[in-house]
Amino acid sequence: MTVLLAVQSVTKVFGGLVAVDKVDVDIREGSIASLIGPNGAGKTTLFNCLTGLYRPEEGEILFENQSLVGLRSDEITARGIARTYQNIRLFGRMTALENVLVGQHLRLHASHWSAILRTARQQAEERAARETGRELLDFVGLGGQAEVVATNLPYGDQRLLEVARALGSRPRLLLLDEPAAGMNPRETERMMELMHRLRDEMGVTVFLIEHDMKVVMSISENVTVLDYGKKIASGAPDEVRANPRVVEAYLGPEVAVDGPVTAQEH
Amino acid sequence: MPKSIKTGLIAFAFLSYLILVGLPGRTGGNALPLLAFAAALFFWYRLRRESRTQSRLVPQSGAAGQAKPGWEIGHGPQAQVQTGAVTRGGFPLRVLTQGAAAGATAGLLIAIVSAVFAEILGNGVAIQPVFDKIVPVNVAALLGVSPGAVAEAQVPPLRYLISALYFTGGGILAALAVLAGMTDAARAAGPTQWRSRLSGPAFTSAGRWLVIALPFALLAVVIWLGLPGVSLFGNDRSTVRLLFTLIATGSGLFALRAATPGRERLAVSVLIGLGVLCMPFVLDQFQNSVMGIVFIFVMMGLGLNIVVGYAGLLDLGYVAFFAIGAYTYAFVSAPFSSPYISGLLTGLGVPADSPLLGYWMALPLAMITAAFGGILLGIPVLRLRGDYLAIVTLGFGEIIRLFMLNLGELTNGPRGILEIAQPDLFGLAPEAVSGGLLSSQGWIFLLALVSSAAIAFVAIRLNDSRLGRAWIAMQEDEDVAQATGVHLVRTKLLAFAIGATFAGLAGQLYAARQINIFPENFSLFVSIDALALIIVGGIGSPAGIVLGALALKGLPEVLRGVDEYRIVAFAALLVIMMIVRPAGILPSARRRFEAAAEEAGAGEIAPEADETFVKKQENDKGTGADGEKGAMP
């Protein structure tokens with residue numbers, strides 16, 4: 001399989017703190033990959049570098065063999081990368097459908113003049129966008145909630161809506177920042193199923209940050225572990241789980257010496 | 001504090017305002033019934049709202065076993081179930097008591113205050129010259145006695161009681177109206193529907209038609225007042241007529257909301273449009289000039305609303321674009337007022353005192369220069385948000401004014417640009433074309449009306465497009481909007497440029513209206529006025545902005561007679577307004593939702609607000625939304 005996203009020794013520094021330190025990650029097209037690590041390891045910072053919120057000091061980010069470094073976040077979204085946020089950041093006063101419509105902003109091309117005149121083409125485009133929006137809401141399981149104001153949705157549904165909004169820009173790579181955080185087991189189950197369907201039905205490559213080891217280990221084909229901004233391990237879930245450096249990073253050196261405590265139990 | 005007492009206090013504050021601005025003195029013998037009626041209207045509004053929440057808090061008979069504390073009920077699906085309990089025993093009595101209590105509170109306070117003033121005046125204590133000129137007349141009218149009786153402390157004590165009873169009666173009347181409306185609505189529309197206010201088809205059919213008919217009735221009154229020989233409320237006919245004009249225009253907006261979306265609303269809006277368009281022809285020069293300035297501010301408000309209301313960029317220097325539009329037209333219309341341009345033209349051999357461009361030819365020029373100004377301001381402030389943005393824009397507004405003041409060579413400094421041409425109609429003066437029907441100010445008013453309508457049309461359509469969605473998204477969260485694919489620079493600059501264009505149009509018309517313009521016409525207060533009117537009317541709602549302009553720019557003209565402290569009284573009214581209706585008089589659906597959610601706190605009213613919001617959405621989409629109703633939860 002081809003490499004969709006290649007992160008090559010990316011470094012991000014805040015003042016004296018090296019938040020991300022020469023990290024390399026390869027995401028293969030059509031895979032589900034995870035990024036794990038203790039709190040403050042630089043996971044979200046790496047995501048922010050990928051989506052153009054931060055500009056890395058060093059390194060190269062190649063998406064479909066083209067560099068993303070220095071692009072604005074909307075340009076990166078236009079290339080085909082969309083994301084969700086760790087602390088949900090929906091457009092709270094807009095309805096669910098409107099949120100997805102904003103997600104589609106890049107894919108709509110009617111001029112503002114045509115919006116004033118309500119030309120047939122602009123109207124057709126708007127109708128199609130609403131149609132797509134409803135389909136995406138159905139896809140993530142929010143069918144029937146289209147007209148509900150985003151802040152009024154339950155927590156789990158808000159996370160799903162973020163995914164739907166991200167899908168609005170028709171991404172090839174979807175970055176999910178802790179999609180299962182704060183969810184109950186049933187909602188987590190639903191989210192995992194959604195991630196599979198994202199890849200299988202939508203053909204979207206998924207790269208996620210997650211703390212729930214059950215999710216990470218069961219869903220991903222490749223796991224990358226960050227600790228203090230450095231990549232300490234990467235590979236198949238089983239390899240990573242057995243890696244003593246990972247166990248150490250999660251549980252501290254003393255426990256690691258003691259023996260076979262696995263990351264899963266953590 | 002019981003809710004009814006609170007209602008009474010708010011009513012008292014409102015009434016004090018009306019009294020302070022001298023309404024009783026103006027209306028003479030009719031003061032008491034008029035004020036009581038105004039109070040009754042307010043009570044009706046409050047009672048209707050309260051009774052609605054109350055009936056929602058009453059558990060249904062089936063659910064009585066699992067009664068919960070009041071604050072818990074209203075969460076989630078339970079809230080929807082509890083609307084059937086309107087006809088519960090004792091409920092009418094409670095509403096009546098509340099109405100009476102609210103009325104009595106307001107009435108007693110008014111009686112006490114007027115007694116205090118009557119006592120002070122009777123004892124010959126001078127308070128302050130302006131005050132002493134106005135207070136006796138008002139107090140006397142309020143008590144139904146002659147000013148002389150007040151001055152000589154000869155007010156019969158019974159008068160105070162009567163004045164208090166009037167307001168209590170108003171409260172009871174309001175309660176009766178609420179009860180009548182409720183049973184009527186419950187019969188006609190079922191229990192869940194009468195809850196949504198003037199926002200949709202749920203309004204009682206009789207009440208709805210009344211609201212729709214009201215502006216036309218008021219317009220008829222305005223026309224009747226203009227007939228020779230008709231006199232109402234004494235010698236101040238012109239002002240009274242202006243007041244009626246303002247109210248008629250405002251009530252037209254409520255009528256629009258009351259009309260059912262679809263054909264009915266279309267018909268009503270066409271009729272109201274025609275009614276409003278005939279106003280410039282029937283009003284006199286004074287009323288037309290006031291209405292002209294009101295609608296020039298509507299144009300500005302609609303433009304500022306794009307920047308502040310849609311895109312969420314707090315712009316305090318909006319007057320700059322108004323000034324740019326005005327001066328652009330001034331330069332091409334009266335070029336010989338500007339020493340520099342005058343010299344330039346004489347050098348080219350242009351005969352003196354001839355305008356370069358007429359109003360219509362200058363229109364695109366004013367729009368383009370203002371839009372250019374908008375982009376010029378927009379670029380440096382792209383990265384600024386909130387307070388910082390406000391300060392920088394504030395400075396920009398002042399810079400433009402100081403330019404106008406100090407670039408004497410170009411702008412003629414404080415001496416201003418004089419003799420700016422009136423807009424022509426096919427090359428002729430409007431008076432001549434209309435056969436004297438249309439006065440010069442009426443022509444300005446007509447132009448302001450048409451321009452406002454055009455601007456509102458563009459603003460509403462843009463808001464309903466992907467650009468509008470991008471604006472709202474940007475307002476909510478800039479970073480996320482950009483990461484979602486919104487081009488921030490372009491979207492922001494478009495907001496600034498479009499907003500500025502509208503202000504430029506308003507400025508050009510303003511210059512034509514004023515004929516002579518000076519830098520001092522474009523002070524910070526113009527920005528503040530424009531901002532205040534969209535906040536009072538309802539940010540994001542074009543109808544609200546019209547209402548805000550009527551209230552903020554029109555009403556003070558009615559109160560001209562009481563110059564000195566009308567501003568104080570006006571400020572008080574604004575404060576009260578923002579407490580009672582924080583989202584504005586006619587809020588946009590989004591703001592209504594937000595305000596309701598804040599008011600509810602624990603989410604008690606949120607389901608209802610949500611419902612109105614969904615409804616508004618449907619309304620906005622018009623008839624095409626039929627297919628979407630099926631998808632609603």
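Helix H6 of chain A is largely enclosed by the rest of the structure, because 10 of its 14 residues are buried (20 or more other C-beta atoms, placed from the backbone, lie within 10 Å of the residue's own). This is a predicted model, in which local features need pLDDT of at least 70, side-chain atom pairs count only at pLDDT 80 or more, and totals for chains, interfaces and linings use all residues. Residues are numbered from 1 along each chain as its sequence is written, while chains are lettered from A and ligands numbered from 1 in the order in which they are written. Helices (H or I, at least four residues) and strands (E, at least two) are DSSP runs, numbered from the N terminus.

**Helix H6 of chain A**

- H6(A) covers residues 155-168 and reaches 20 Å from its first C-alpha to its last, close to the 20 Å expected at 1.5 Å a residue (1.5 Å times one less than the number of residues).
- Among its buried residues are A:Arg159, A:Glu162 and A:Arg165, as well as A:Leu160, A:Leu161 and A:Val163.
- The buried residues of H6(A) pack against strands E6 (81-83) and E7 (173-177) and helices H3 (96-103), H5 (120-140) and H7 (185-202) of chain A, together with H21 of chain B; contact requires C-beta atoms, placed from the backbone, within 7 Å.
- After H6(A) comes A:Arg170, with a positive phi near 50°.

**Contact between the chains**

- Chain A contributes 35 residues to the contact and chain B contributes 31.
- On the chain B side, two or more residues come from each of H19 (440-463), H20 (466-476), H21 (478-484), H26 (589-600) and H27 (606-621).
- H20(B) gives the largest share of that side, 7 residues.
- The chain B side divides into 16 nonpolar, 6 polar and 9 charged residues (Ala, Val, Leu, Ile, Met, Phe, Trp, Tyr, Cys and Pro count as nonpolar, Asp, Glu, Lys and Arg as charged, and the others, Gly among them, as polar).

**A helix pair in chain B**

- The axes of H10(B) (residues 237-258) and H24(B) (residues 542-558) come within 10 Å and cross at roughly 170°; axes are lines fitted to C-alpha atoms over the stretch in contact, and angles run from 0 to 180 degrees between N-to-C directions.
- The two helices are therefore roughly antiparallel (over 145 degrees).
- Their contact comprises 11 nonpolar, 4 polar and 1 charged residues.

**A hairpin in chain A**

- Strands E1(A) (residues 3-14) and E2(A) (residues 17-28) run antiparallel and are joined by 8 bridges; pairing requires at least two bridges found by DSSP.
- A:Leu5 stands opposite A:Ile27 in E2(A).
- Between the strands lie 2 residues, and A:Gly15 in this hairpin takes a positive phi near 60°.

Conventions
Angles under 35 degrees count as roughly parallel, over 145 as roughly antiparallel, 65 to 115 as roughly perpendicular and the rest as oblique. Two residues are in contact if their C-beta atoms, placed from the backbone, lie within 7 Å. A residue is buried if 20 or more other C-beta atoms lie within 10 Å of its own, exposed if 12 or fewer, and partly exposed in between; C-beta atoms are placed from the backbone.
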